[in-house]
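Dear colleague,

Please find the structure below.

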Amino acid sequence: MALADARTGSGEPPKVSLLYNPALRSAVYQIVTLVVIVAAVWYAWHNVVQNLARANMTAGFGFLNSRAGFDVAQSLIAYSSDSTYFRALQVGLINTLVIAAAGVVTATIVGLLVGIGRLSHNWLIAKLCTVYVEIFRNIPPLLVIFFWYLGVLALLPSIRTIFQHVKENPDAAFFISNRGIYMPAPVFGENFGIVLAAFALGVVAAIAFTIWANARQRATGKRPPVLWVNLGLIVLFPLIVFVVVGAPLTLDYPVPGSFNMKGGMVIGPEFLALYLALSLYTASFIAEIVRAGIRGVSKGQSEASYALGLRPGQATRLVVLPQALRIIIPPLTSQYLNLIKNSSLAVAVGYADLVAVGGTILNQSGKSIEIIAIWMVIYVSISLITSLFMNWFNAKMALVER
Amino acid sequence: MAKKIVTALVGAAVLGLGATAAQADTLSDVKAKGFVQCGVNGSNLAGFGAQDSAGNWSGLDVDLCKAVAAAVFGDATKVKYTPLSAKDRFPALQSGEIDILARNTTWSISRDSQLGFDFRAVNYYDGQGFMVKKELGVKSALELSGASICVQSGTTTELNLADYFRANNMDFKPVVFEAQDEADAAYNAGRCDAYTTDASGLYSIRLKMANPDDHMVLPEIISKEPLGPAVRQNDSKWFDVVSWSHYAMVAAEEFGITQANVEEKKKSDNPDIKRFLGEEADSTIGADLGLPKDWAVQIIKAVGNYGESFERNVGEGSPLKIARGLNALWTKGGLQYAPPIR
Amino acid sequence: MTENISYIRDHFLEAEKPPAANSSAFAWIRNNLFSTWKDAVLTILAVAALVYYVPKAVNWLFISAVWTGADRTACLTVDQGGQLESGWNGACWAYVNDRFVQFMFGSYPRDELWRPLLVAAMFVALLVPLLIPKVPRKGLNALLLLVVFPIVSFFLLIGGFGLRHVETSLWGGLMVTLIISFVGIVVSLPAGILLALGRRSSMPIMKTASIFFIELIRGVPLITVLFMASVLLPLFLTPGNNIDKFLRALIGVSIFASAYMAEVIRGGLQAIPKGQYEAADALGLNYFHKMTFIVLPQAIKLVIPGIVNTFIGMFKDTSLVTIISMYDLLGIVKASFGDSGWITPVTPLTGLIFAGFVFWIFCFGMSRYSAFVERRLDTSHKR
């Protein structure tokens with residue numbers, strides 16, 4: 001892009017050479033770029049076609065309908081080795097979403113607590129929170145995953161020890177072993193649908209009550225006891241219905257089988273390691289964001305709210321946090337996106353997420369281009385959807401100028 | 001701009017590492033560049049493909065690579081090794097990154113046809129087995145119903161495992177790992193009850209355990225796993241060179257030719273041996289393969305006959321101590337058989 | 001004696017001591033640890049947790065730890081087949097000690113270790129003056145570090161000019177981690193600047209191409225980019241080409257880092273007031289001069305902390321090459337868990353703590369430096 005010095009003759013009126021016409025230049029640059037891009041894509045495409053032809057392979061997504069043939073360790077939907085590759089990818093996607101959702105929720109809670117804790121006037125708590133943040137922020141998440149999986153969870157009691165433990169304590173219902181956490185699984189009776197319906201009804205009623213309460217507060221200045229009424233509607237009402245219809249819920253306890261515990265529910269160590277590592281790692285970043293957000297709200301705001309007679313809790317909840325959220329949300333969004341993307345580290349411990357399942361399919365079918373394209377499309381879509389949602393939330397939280 | 005960078009990177013990579021013209025004639029390519037690029041096991045599978053701390057490769061698969069280099073160049077050191085994981089291996093061969101895939105890879109119909117490879121020579125007849133801790137008291141794979149089983153993902157092993165349990169109406173909990181060393185560690189830590197892979201692999205992994213005697217390989221072999229070198233399809237010249245490099249080793253064992261006595265055997269009166277070793281006056285065997293006349297002699301000098309290579313890498317001369325079994329010569333009840341060299 | 005009607009104080013009273021309630025250690029404790037009953041509860045819980053865990057951790061890490069030994073029996077209890085009394089649990093530093101060279105250099109030939117060591121020494125010698133603000137000739141220094149040093153180190157490490165050739169498959173350990181991060185940094189800075197300029201350009205094709213590249217790469221996990229580089233790149237090239245596996249990882253990391261760097265630098269570009277651009281235009285500078293002399297120096301200075309944070313992220317992200325079976329520091333530590341010489345129940349934990357500590361030192365150091373630069377640059381903007 002370097003240029004020769006432009007000097008026009010002194011006597012004549014300056015003629016702008018075509019060479020220095022900005023529009024033309026921009027067009028030339030762009031055409032050159034376009035040609036380079038097209039050439040690069042063509043070069044890559046041509047080689048892919050040639051390589052595939054040499055290997056006698058065809059490209060296309062038809063293989064997704066063939067039988068997978070392999071089993072998946074963690075699946076929330078019906079899946080067996082007779083299912084298709086497409087189904088296997090669905091299993092992987094669901095597992096990715098599960099770990100991402102669990103991680104986002106936990107990381108937000110822990111991050112919020114630690115972030116507030118760092119600002120606490122309690123010296124010890126503030127220091128402990130600082131130590132936490134400085135440790136986890138500066139260690140690769142993959143190492144933290146291995147730390148939990150190979151370092152900590154592997155040291156838990158073996159399944160044989162648990163069998164022994166059950167023999168001595170036949171009533172025990174929760175077990176922690178190096179094969180995961182075993183716990184009783186709920187078995188729903190036939191009338192359980194009614195309870196669910198009651199719960200849904202309670203939620204709807206609670207939302208309606210909140211809207212009414214807000215309207216009333218604006219009209220009269222008095223706020224009805226929203227929290228207590230809503231708790232009653234959401235928790236107590238379904239609970240009463242549950243008892244009335246005859247408690248249609250039993251628990252399935254885990255009991256020793258020949259190799260593993262039978263029955264009950266189990267949360268595998270792969271999930272646990274990934275979940276703990278992702279949540280704790282991301283929480284350290286969220287804590288810093290929360291801290292910066294709260295400190296970004298001027299001190300006058302909280303002083304003004306005290307002057308208005310708000311209690312410290314109220315001042316934080318009603319005045320400081322809503323303003324801090326505006327600073328917090330944009331970087332928080334990128335932390336959520338990072339967590340979702342980091343969930344692909346599942347492949348390192350054998351948790352069957354999208355990348356792990358995709359990798360197995362890639363291997364079994366040899367369709368590397370297609371699988372990597374699927375990965376990219378899905379992750380970019382998840383990222384876009386999350387960004388859109390957070391942008392919407394951000395717009396909702398933004399300062400409304402009256 | 002963005003793509004410019006990518007192009008620049010790719011371009012630099014191409015220039016930097018020396019582009020070679022595209023031809024479906026690997027033999028000429030190999031001769032032109034002066035070495036064989038061989039894809040081997042990247043997770044240090046003792047006996048098949050493993051690297052010592054000085055970076056030297058050894059193993060049954062590695063010997064095959066050396067044999068091919070010896071046949072083409074008369075120099076077994078003209079091999080470059082690419083350590084590959086189960087996942088990288090097929091794209092590496094498809095893309096032409098490697099010339100031979102000798103990474104204890106099972107010859108199956110789908111790999112032969114669908115993936116576009118060619119298999120013929122089998123340098124190890126294997127089968128999938130299970131390893132358990134002795135303290136479990138399990139004596140047969142059929143007792144494994146309900147067990148957690150460690151397996152490496154993306155292998156035929158993973159598919160056979162699912163099929164075997166399905167066929168026997170048993171259930172199991174797969175614990176799947178990307179890399180073999182992760183599966184080893186998990187089995188060690190008690191994450192799973194049994195470990196499954198090719199029986200040869202089990203012996204090799206058992207050796208790495210803290211107390212190999214605490215573990216036993218169950219008697220059931222649940223699959224046929226003919227392991228052999230693969231090359232790209234539609235390249236019969238190169239395919240012939242690779243296959244016959246293996247057969248030359250087997251034929252040498254059949255003829256009783258060893259690393260030690262090969263020079264002496266050249267003077268043999270046996271016309272078969274003379275033809276094989278390129279001592280017959282008007283023999284064109286080597287030339288027809290596109291190789292020097294003494295290609296077989298070079299192979300034997302470099303790695304010995306099949307029996308020697310076997311004993312050195314996985315047999316009695318190695319820590320693995322695997323019996324010849326299916327890999328004995330056909331004359332001794334095994335499956336190793338060289339087509340006639342004439 | 002005249003009557004003195006005015007009151008003039010001619011000596012000062014000694015200052016009173018502050019009330020004991022505010023100055024003593026006791027008061028500090030009361031104010032900082034027990035100011036409300038909630039604080040008191042939290043403090044007591046925290047102290048209880050510290051008293052319970054810290055001695056345990058110290059004991060595990062240092063007191064019970066095994067420091068010397070030749071193989072796994074040094075770190076096994078009697079019932080596990082070792083020498084220690086049963087019930088023992090502690091770190092096995094003997095294992096880290098035994099494997100230390102491997103953790104640093106992988107399988108790099110032992111008699112050639114002076115080469116990576118020389119590279120490391122050169123790196124430190126060039127980096128330290130660059131980091132200390134007072135040392136002059138930053139331009140020359142940066143040129144040496146970012147252009148000359150990589151070329152010299154490349155030949156030193158891989159061989160040539162009479163040095164023995166060392167294949168990249170022998171490289172490993174911390175050396176690989178540092179090389180990948182350094183290359184990522186050196187490539188991503190210029191590439192990120194170009195991408196950021198492209199994204200803010202008024203030319204639609206440049207702009208679209210940059211946005212597409214940046215958003216695509218930022219939208220996907222690094223693992224998929226690494227898989228793409230390791231699995232797909234060979235398919236994109238002319239058949240028969242052989243790209244070194246190490247180079248492929250470098251390309252993957254560089255592409256990824258460039259997209260993130262571009263966004264950081266774009267932030268800086270956006271923060272430059274429009275007047276700066278207009279003034280440059282008014283002076284008759286062309287685009288190239290405007291950017292290199294007016295805009296970029298200001299923009300990059302503004303986002304130095306962001307750039308350093310990207311470096312930290314990239315340094316941590318290099319650990320992902322473990323997944324495409326390369327042996328960086330984390331990869332080689334993990335691979336050593338399967339080594340029969342040192343299989344014990346405490347080996348993984350010890351190894352991971354060691355690797356974590358090394359990563360931590362580097363990342364913490366970088367973040368402290370970033371904070372220092374931030375404070376230094378902050379002076380000019382203080383209100």
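Residues 40-63 of chain C are 100% helix and 0% strand, with the end C-alpha atoms 32 Å apart. Helices (H or I, at least four residues) and strands (E, at least two) are DSSP runs, numbered from the N terminus.

The model is predicted: local features need pLDDT of at least 70 and side-chain atom pairs count only at pLDDT 80 or more, while totals for chains, interfaces and linings use all residues. Residues are numbered from 1 along each chain as its sequence is written, and chains are lettered from A and ligands numbered from 1 in the order in which they are written.

The span 40-63 is among those of chain C that UniProt, in an unreviewed entry, lists as "transmembrane region"; such annotations may be inferred rather than shown by experiment, and their positions are given in the numbering used here, with feature names shortened.

Chain C touches chain A through 47 residues on each side (contact: C-beta atoms, placed from the backbone, within 7 Å). On the chain C side, helix 15 of chain C gives the largest share, ten residues. That side comprises 33 nonpolar, eleven polar and three charged residues (nonpolar: Ala, Val, Leu, Ile, Met, Phe, Trp, Tyr, Cys and Pro; charged: Asp, Glu, Lys and Arg; polar: the others, Gly among them).

Between chains A and B, 35 residues of chain A meet 40 residues of chain B. Helix 1 of chain A provides the largest share of the chain A side, seven residues.

Yours sincerely

Definitions and conventions:
Two residues are in contact if their C-beta atoms, placed from the backbone, lie within 7 Å.
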